[in-house]
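The sequence and structure come first.

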Amino acid sequence: MVLLSVDTLPLERSDEIVLVRQAVRQRAIELGFSLLDQTKIVTAASELARNTIQHGGGGVALIESVNDGARRGLRLTFQDNGPGIPDIALAMKDGYTTAGGLGLGLSGAKRLSNEFDISSAPGQGTRVVIARWK
Ligand SMILES: Nc1ncnc2c1ncn2[C@@H]1O[C@H](COP(=O)(O)OP(=O)(O)OP(=O)(O)O)[C@@H](O)[C@H]1O
Ligand SMILES: [Mg+2]
């Protein structure tokens, strides 16, 4: 896997979510994603960015264009040093929320991505990495 470029954006305030959305959209356009694929990755990014702020107490988003030889893609990382998730399988379930939300952010982001990886532990923060290939 070759990393072609990386942007790091802060996620401390909710008004920064729109900047992440715009940056992801721009990268997806540069990679030649279809309008539907642009919307999928932007929507996934939006949900994960919101979680980073709301549940993780703030963190960063990494936006990376990658090439695995045959194809190009967009890899996004959302990480925070917040409270972490004690039961990841439970948190991934549709409808599970600890904050009165819809509980669809994590599961939705997974469905909208080609690759999804979450690592988290209580007291150690959370990192979610997603990728979508062209
Ligand atoms: N970065 C994070 N740090 C700590 N806990 C998290 C993080 N992201 C998700 N969670 C936990 O996982 C649960 C499910 O997240 P999910 O995004 O699916 O739903 P939600 O944020 O509660 O509601 P919404 O549908 O509005 O996104 C959250 O309620 C929270 O308990
Ligand atoms: Mg959420």
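This is a predicted model: local features need pLDDT of at least 70, side-chain atom pairs count only at pLDDT 80 or more; totals for chains, interfaces and linings use all residues.

For the side chain of Thr97, the corresponding distance from an N or O atom to an oxygen atom of ligand 1 is 2.5 Å.

The backbone also takes part: a polar backbone atom of Leu104 is 2.9 Å from an oxygen atom of ligand 1.

## Residues around ligand 1

There are 19 residues around ligand 1. Those that come nearest are Asn51, His55, Thr97, Thr98 and Leu104.

## Packing of α1 and α2

Two packed helices are described by the angle between their axes and the distance between the axes. Helix α1 spans residues 17–30 and helix α2 spans residues 35–54. They pack at an angle of about 150 degrees, and their axes are 9 Å apart. Angles over 145 degrees count as roughly antiparallel, and α1 and α2 are therefore roughly antiparallel to each other. Their crossing is right-handed.

## Residues in the helix contact

From α1, the residues that meet α2 are Ile17, Arg21, Val24, Arg25, Ala28 and Ile29. On the α2 side are Leu35, Gln38, Thr39, Ile41, Val42, Ala45, Ser46, Ala49, Arg50 and Ile53. Sorted by class, this contact of α1 with α2 has ten nonpolar, three polar and three charged residues.

Technical notes: Residues are numbered from 1 along each chain as its sequence is written. Chains are lettered from A and ligands numbered from 1 in the order in which they are written. Side-chain values use heavy atoms; hydrogens and water are left out. Axes are lines fitted to C-alpha atoms, for helices over the stretch in contact, and angles run from 0 to 180 degrees between N-to-C directions. Helices (H or I, at least four residues) and strands (E, at least two) are DSSP runs, numbered from the N terminus. Angles under 35 degrees count as roughly parallel, over 145 as roughly antiparallel, 65 to 115 as roughly perpendicular and the rest as oblique. A crossing is left-handed if the near helix is turned anticlockwise from the far one by less than a right angle, and right-handed if clockwise. Contact means heavy atoms within 4.5 Å. Ala, Val, Leu, Ile, Met, Phe, Trp, Tyr, Cys and Pro count as nonpolar, Asp, Glu, Lys and Arg as charged, and the others, Gly among them, as polar. A residue is near a molecule or strand if one of its heavy atoms lies within 4 Å of it. A polar contact is a pair of N or O atoms within 3.5 Å; within protein, one must be able to donate a hydrogen and the other to accept it, and residues adjacent in sequence count only if both atoms are side-chain atoms.
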